[in-house]
Amino acid sequence: MYIRNLALATASSLVIASGSAVARDYVHVAGSSTVLPYASIVAEAFGENFDFPTPVVESGGSGAGRKRMCEGVGTNTTDIANSSSLMKEEEGVKCKANIGEYTKVQIGYDGIVFASRLETKGFEDLAPAHIYLAISNKSKVTNWKDVDPNFPDRSIKMFIPGTKHGTREVFDKKVMVAGCKKAGTHKYLMDSGLTKKEADKDCMKVRTDGVSVDIDGDYTETLASIASNKEGIGVFGLSFLLNNTDTIYASKVNGVTPSTETIASGEYPISRPLQFYVKNAHIGQIPGLKEYIQFFVSDEIAGPDGPLAEYGLVSDPELAKTQAMVDGL
């Protein structure tokens, strides 16, 4: 069986950078709350099937995870940063200055959904322009009927990921900026003299009057917020929705129902790649690190019939290329 045969090795002594003896014999992972459940599934299976300790997987947000990985090299630093957003160019330059080379490993795709409590019907089809008009810092409306007369007579209350989360970066670009453009505000800002980058940044600004609420924790905190605010709409990853359909439902976006099929086809408009970044200097030094990465992207785990797809991950059609790249690390 592949899971048992990929690597049945006994970890030897470890030396990293300073030449000190092994201080850690397990893989340490931190970062995205979206990738967290996938990484936890893989870590548990890895611990059960390999002669290495079960990796330690923590959350904290994509940006926080990348920051921890990029702090330096050594057994007191993080090996892998889970991320639902891509590392920015300037961030990558600083990271390489601290740790040398790093590698991005794409594991699949996910979508961002707008979800409400099951008993709170009325939002069957939303568009980025609706969200922008509701929670932009330029908006003064308090009722969804003021956004669109076809919407229910209901107070606006949205729970969105906090700024440290990778989901927020995607939400800003694919919802707020896209909605800003559709509403005509982006063009107005550029006609007023702003650069595209400045206009984009302005479009991402949300209200601070309590209508839009940043959630700094993971999706369970967003779910709890909706549970205590029956009119609330929360921003979630598709996999979280699929595993909580007993309590929440998601609106269509631009007429498209969020699903693994519509994300895989590219039809659903708010999708994003999921990945993790690995510190190259730790490969071959932290016991089990390369084996964990290979296991993560194996067909049995990340393929269309694997446990990650069952949980909600949309399998990457180019997974074989990722596997070959990982084998060469």
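Q: What is the volume of the largest pocket?
A: The structure is a predicted model, in which local features need pLDDT of at least 70 and side-chain atom pairs count only at pLDDT 80 or more, while totals for chains, interfaces and linings use all residues. Residues are numbered from 1 along each chain as its sequence is written, and side-chain values use heavy atoms, with hydrogens and water left out. On a 1 Å grid over the protein atoms alone, a pocket is an open set of points with protein on both sides within 12 Å along at least five of seven lines, whereas a cavity is a set of points where a 1.4 Å probe fits but cannot get out, and lining residues have an atom within 4 Å of a point. With grid points joined across faces, edges and corners, and volume taken as the space filled by probe spheres set on the points, the largest pocket comes to about 260 Å³.

Q: Which helix gives the largest share of the lining of the largest pocket?
A: The lining consists of Gly-63, Lys-88, Thr-163, Lys-164, Arg-168, Glu-169, Asp-172, Lys-173 and Met-204. Helices (H or I, at least four residues) and strands (E, at least two) are DSSP runs numbered from the N terminus. The largest share of this lining, four residues, comes from residues 166-183, that is, helix 7.

Q: How many charged residues does the lining of the largest pocket have?
A: Asp, Glu, Lys and Arg count as charged, Ala, Val, Leu, Ile, Met, Phe, Trp, Tyr, Cys and Pro as nonpolar, and the others, Gly among them, as polar. By these classes the lining has one nonpolar residue and two polar residues, and the number of charged residues is six.

Q: Which elements give two or more residues to the lining of the largest cavity?
A: The count comes to one cavity of 30 Å³ or more, and the largest cavity has a volume of about 60 Å³. Its lining is made of Ser-33, Ile-160, Pro-161, His-165, Thr-167, Ile-215, Gly-217, Asp-218, Tyr-219, Thr-222 and Val-235, and by class it holds five nonpolar, five polar and one charged residues. The elements that give two or more residues to this lining are strand 6 (158-161) and helix 10.

Q: Why is the ring pair of Phe-46 and Tyr-292 given its class, and which class is it?
A: Rings of Phe, Tyr and Trp (its six-membered ring) pair if their centres lie within 6.5 Å, and planes under 30 degrees apart count as stacked, over 60 as edge-to-face and the rest as tilted. By this rule there are 15 aromatic pairs. The ring centres of Phe-46 and Tyr-292 are 5.7 Å apart with their planes at 90 degrees, so the pair is edge-to-face.

Q: How many residues apart are Phe-46 and Tyr-292?
A: Ring pairs link Phe-46, Phe-50, Phe-52, Phe-276, Tyr-292, Phe-295 and Phe-296 into a cluster. Both Phe-46 and Tyr-292 are buried, where buried means under 20% relative accessible area, exposed over 50% and partly exposed in between (1.4 Å probe, protein chains only). Phe-46 lies in helix 2 (residues 36-49) and Tyr-292 in helix 13 (residues 289-296), so that the pair links distant parts of the chain, with a separation in residues of 246.

Q: Which class does the ring pair of Tyr-219 and Phe-240 fall into?
A: Both Tyr-219 and Phe-240 are buried, and the pair links helix 10 (residues 219-228) with helix 11 (residues 238-242), 21 residues apart. Their ring centres lie 5.5 Å apart and their planes stand at 55 degrees, so the pair is tilted.

Q: Over the ring of which residue does the charged end of Arg-24 sit?
A: A charge sits over a ring if NZ of Lys or CZ of Arg is within 6 Å of the ring centre and within 35 degrees of the ring normal. One such case is Lys-96, which lies over the face of Tyr-102 at 5.7 Å from the ring centre. The charged end of Arg-24 sits 5.5 Å from the centre of the ring of Tyr-26.

Q: Which cysteine does a disulfide join to Cys-70?
A: A disulfide is a pair of cysteine sulfur atoms within 2.5 Å, and the count comes to two disulfides. One of them, left-handed with -85 degrees about the S-S bond, has an S to S distance of 2.0 Å and joins Cys-70 to Cys-95.

Q: In which helix does Cys-203 lie?
A: A disulfide joins Cys-180 to Cys-203 (S to S 2.0 Å), and with -45 degrees about the S-S bond this link is left-handed. Cys-180 is in helix 7, and Cys-203, 23 residues apart from it, is in residues 196-203, helix 9.
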